[in-house]
Amino acid sequence: MKRTYRNIVDDMALQRLEAEPRAEHPAMSYGQWIRTVRNYLRMTQQELAQRSQIPQSHLALIESGKIDPQIGTLQRIFDGLSCELVIEPQPRRPLSEILRGRARKHCAQEAHAHHGNHGTRRPSPRESRIRTALEKRTDEIR
């Protein structure tokens, strides 16, 4: 596997993802955001559709959640609302936990391939050493 290196900008972005936990409230859909901002600006669907260069019927379907719009369509709609569309990932759990799980899975596969599966019910002293080595290797890979 090719090793990739992060730069300082990558590190800053990853720190931001780790520092900002997911919001406690349920996220609004794009359609809900569009309707909320449009209503606040006292704009009709027809006005927004004209500004966005999409059919009003299509806008109505997006607002009602009946269709899932493409990113380009969302950009045009939010541009029509004088808003920037920002899309960024929000990890479901800390990235460090995800990375550790991936490393542990990799190590378990290595250990299985190297030592095989003996199917014993009670861990032997050898298995305890293997488990300790597995945790150490997981940390090394991380």
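## E63 and its surroundings

Let's begin with E63: setting aside neighbours within four places in sequence, this residue is in contact with G31, Q32, I34, R35, R38 and Q45. Please keep in mind that the model is predicted. E63 itself is found in helix α4, and with a relative accessible area of 3% it is buried.

One of those contacts is polar: the side chains of E63 and Q45 are joined at 2.8 Å. Q45 belongs to helix α3, where it is among the buried residues.

## Salt bridges

How many salt bridges are there? The count comes to three. One of them pairs E63 with R35, with 3.5 Å between the closest N and O atoms. E63 lies in helix α4 and R35 in helix α2, so this pair ties together parts that are 28 residues apart in sequence. R35 is partly exposed, at a relative accessible area of 35%.

R38 also forms a salt bridge with E63, and here the closest N and O atoms are 2.7 Å apart. Because R38 lies in helix α2 and E63 in helix α4, this pair ties together parts that are 25 residues apart in sequence. R38 counts as buried, with 8% relative accessibility; the cut-off for buried is under 20% relative accessible area.

Elsewhere, the side chains of E97 and R93 meet in a salt bridge, at 3.9 Å from N to O. Both partners are partly exposed: E97 has a relative accessible area of 44%, and R93 has one of 43%. As for shared partners, salt bridges join R35, R38 and E63 into one network.

## The buried side of α3

Which residues of helix α3 are buried? In this helix, which spans residues 45-52, they are Q45, L48, A49 and S52. They cover an arc of only 100 degrees around the axis, which puts them on the same side of α3.

Just after α3, Q53 takes a positive phi of about 60 degrees.

## The nonpolar core

Now for the greasy part of the model. The largest nonpolar core has 12 residues in all: I34, V37, M43, L48, A49, I54, L59, I62, L74, I77, F78 and L81. The elements that give it two or more residues are α2, α3, α4 and α5. Which element provides the largest share of this core? That is α5, with three residues.

Leaving aside neighbours within four places in sequence, I34 is in contact with L48, L59, I62, E63, L74, I77, F78 and L81.

## Bringing it together

E63, in turn, is part of the salt-bridge network with R35 and R38, and its side chain makes the polar contact with Q45.

Key
Residues numbered from 1 in each chain as written. Predicted model: local features only at pLDDT ≥ 70, side-chain atom pairs only at ≥ 80, totals over all residues. Heavy atoms only, no water. Buried < 20%, exposed > 50% of the residue type's maximum accessible area, 1.4 Å probe, protein only. Helix = DSSP H or I, 4+ residues; strand = E, 2+ residues; numbered from the N terminus. Arc of directions from axis to C-beta. Salt bridge = Lys/Arg side-chain N within 4 Å of Asp/Glu carboxyl O. Polar contact = N/O pair within 3.5 Å; in protein donor to acceptor, adjacent residues only side chain to side chain. Contact = heavy atoms within 4.5 Å. Core = buried A, V, L, I, M, F, W, Y, C linked by side-chain atoms within 4.5 Å.
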